[in-house]
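Thanks for making time this morning. I would like to walk you through one model, taking a helix, the sheet beside it and the core in turn.

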Amino acid sequence: AEAVEDNGITWIGPGSKAIKVMGSKLAAKDAVKAYDIPMVPGIDEAITDTEKAKAIGRDIGFPILIKASAGGGGKGMRVVENEGEFEEQFQRATSEALSSFGNGSVFIEKFVQQPKHIEIQILADAHGNVIHLNERECSIQRRHQKVVEEAPSPVLDADLRARMGAATVNVAKSCDYEGVGTVEFLLDK
């Protein structure tokens with residue numbers, strides 16, 4: 001995308017800025033801060049120091065999730081139930097992130113138990129206009145990959161649907177998104 005843009009050719013799809021920002025979970029978290037998007041409790045920076053990471057885990061409260069910043073599909077992601085298994089899971093997550101994505105950066109979030117996985121499709125043009133196309137329930141998964149998508153989600157009421165739609169539009173605006181895309185949410189109990 002960047003090479004096409006740099007050569008004065010019209011790129012169809014998300015621009016290089018959006019690709020860079022949304023390609024890194026940490027950069028994405030940083031980009032949406034100004035829009036007050038609800039986030040899973042955790043840290044918004046890469047962590048390499050095991051002892052510091054353990055202290056953060058204690059502060060957040062176990063169980064926690066160690067996640068690859070550049071990850072997807074469940075790779076580089078480890079649930080840590082207690083402090084005793086932290087170091088082993090931390091090493092596994094960073095190693096898998098490095099081998100899968102060429103980037104060993106990880107961060108820590110609270111592990112959301114039994115979440116609903118909600119996705120909302122967006123359409124955005126080059127003039128800053130963004131709309132959303134409502135949600136899909138994508139909670140039925142196998143190995144962190146969707147098996148069934150249901151629309152509309154049976155767990156959302158009108159108010160929550162509207163708030164999530166507005167948040168979706170703000171996520172797109174936070175990175176100057178253009179084209180068609182998806183914003184994903186975890187909905188706790």
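Helices here are DSSP runs of H or I with at least four residues, and strands are runs of E with at least two, both numbered from the N terminus. Please keep in mind that this is a predicted model, in which local features need pLDDT of at least 70 and side-chain atom pairs count only at pLDDT 80 or more, while totals for chains, interfaces and linings use all residues. Residues are numbered from 1 along each chain as its sequence is written, and side-chain values use heavy atoms, with hydrogens and water left out.

Let me begin at the end of α6, where aspartate 176, just after the helix, takes a positive phi of about 55°. As for length, the 17 residues of α6 should span 24 Å at 1.5 Å a residue, and because the end C-alpha atoms are 24 Å apart, the two values agree; the expected span is 1.5 Å times one less than the number of residues.

Which residues of α6 are buried? Among them are Leu160, Met164, Thr168 and Ala172, where buried means under 20% relative accessible area, with a 1.4 Å probe and protein chains only. Their cover includes α2, α3, β4, β5 and β8.

Turning to the sheet, three strands form an open, antiparallel arrangement in the order β5-β4-β8, and strands count as paired if DSSP finds at least two bridges between them. β5 and β8 are the edge strands, each pairing on one side only. Between β4 and β5 there are 6 bridges, and leucine 123 stands opposite isoleucine 131 in β5. α6 packs on this sheet, touching β4, β5 and β8, where contact means heavy atoms within 4.5 Å.

That brings me to the largest nonpolar core, which has 21 residues, with Ile118, Ile122, Val130, Leu156, Met164, Tyr177 and Phe185 touching the most other members. Such a core is a set of buried Ala, Val, Leu, Ile, Met, Phe, Trp, Tyr and Cys residues joined through side-chain atoms within 4.5 Å. α2, β4, α6 and β8 each supply at least two residues, and α6 gives the most, with 6. Apart from this core lies another, of 16 residues, including Ile47, Ala68, Val80 and Ile108.

Finally, glutamine 89 in helix α5 counts as buried because its relative accessibility is 14%, and its contacts include Ile66 and Val80.

Conventions:
Buried < 20%, exposed > 50% of the residue type's maximum accessible area, 1.4 Å probe, protein only. Axes fitted to C-alpha atoms, helices over the stretch in contact; angles between N-to-C directions. Lists of a residue's contacts leave out its neighbours within four places in sequence.
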